[in-house]
Amino acid sequence: MRNRMTGILLAAGLSTRMGALKALLDWHGKALINYQIESFLGSGLSEIIVVLGHEATTIADHIEYPDVTIAFNADYNEGKFTSIRTGIENIPTDSEAAVLLGVDQPRPPDTITKLIAAHSDKDPLITVPYQGGHRGHPIIIHSSLFNEILSLPKKTGNLRDILDNNNEKILRVPFSDDHIHLDLNKPDDYHSAHTLI
């Protein structure tokens, strides 16, 4: 891997619509949070930050990888952007990019590997998976944008503003299927998702 990248796994949310902690949902025989950490590791990322908030202690007790860095977002009830900020604030100073992924967006390691390879090859500001005319996840953000992210209002900021402001500088990596859009928000999403990944 030419660039040193840090995986940021966002797992601080309330899981209100799911009715259960998303991070602890069973995903192919393991807690979803461990599946996601394994996907990061399997893609070659060795530096991983897990952002926790709601039920942080409960979720942390289920993490099977002691080498991950756990960052607590005290403002988790203010929305996902506060967790993105927390992850960026805790990223190593020599990291050249952040690979951002929600715990409720299960991705196999080969998907992340493909994105990392494309980003390393082209070194753009932003790299996203692309399918059906829409951006997906995970999103890779170059370190030169970290300060711009941190300058956005804590409660009303949105990563989409960064993407929209730098739209012409985004590397879109094509994927043939729509698993890059998978997001486990509700029980129906969870029960139907196993056929995709």
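Colleague: Why are α1 and α4 called oblique to each other?

Modeller: Their axes come within 8 Å and cross at roughly 40°. An axis is a line fitted to C-alpha atoms, for helices over the stretch in contact, and the angle runs from 0 to 180 degrees between N-to-C directions. Under 35 degrees counts as roughly parallel, over 145 as roughly antiparallel, 65 to 115 as roughly perpendicular, and the rest as oblique. Roughly 40° belongs to the rest, so α1 and α4 are oblique. This is a predicted model: local features need pLDDT of at least 70, side-chain atom pairs count only at pLDDT 80 or more, and totals for chains, interfaces and linings use all residues. Residues are numbered from 1 along each chain as its sequence is written, and side-chain values use heavy atoms, without hydrogens and water.

Colleague: Which residues in α1 and α4 meet?

Modeller: Ser-39, Phe-40 and Gly-42 in α1 meet Pro-109, Ile-112 and Thr-113 in α4. Contact here is heavy atoms within 4.5 Å.

Colleague: What makes helix α1 mostly covered?

Modeller: Of its 11 residues, 8 are buried, among them Leu-32, Ile-37 and Phe-40. Buried means under 20% relative accessible area, exposed over 50%, and partly exposed in between, with a 1.4 Å probe and protein chains only. The helix covers residues 32-42; helices are DSSP runs of H or I with at least four residues, strands are runs of E with at least two, and both are numbered from the N terminus.

Colleague: How many aromatic pairs are there?

Modeller: The count is 2. In one, Trp-27 and Tyr-35 lie 6.3 Å centre to centre with 70° between the planes. Rings of Phe, Tyr and Trp (its six-membered ring) pair if their centres lie within 6.5 Å; planes under 30 degrees apart are stacked, over 60 edge-to-face, and the rest tilted. The 70° value is over 60, so the pair of Trp-27 and Tyr-35 is edge-to-face.

Colleague: Why does Trp-27 count as buried?

Modeller: Its relative accessibility is 0%, and Tyr-35 is also buried, at 11%.

Colleague: What makes the pair of Trp-27 and Tyr-190 tilted?

Modeller: The angle between the planes is 45°, with 6.4 Å centre to centre. The pair links distant parts of the chain, from strand β2 (residues 26-27) to helix α7 (residues 187-193), 163 residues apart. Ring pairs link Trp-27, Tyr-35 and Tyr-190 into a cluster.

Colleague: How do you know that the charged end of Lys-114 sits over the ring of Phe-175?

Modeller: It is 4.2 Å from the ring centre. The rule asks for NZ of Lys or CZ of Arg within 6 Å of the centre and within 35 degrees of the ring normal.

Colleague: What joins His-137 and Pro-138?

Modeller: A cis peptide bond, with omega about 5°. Pro-138 lies in the loop between β8 (134-135) and β9 (139-142).
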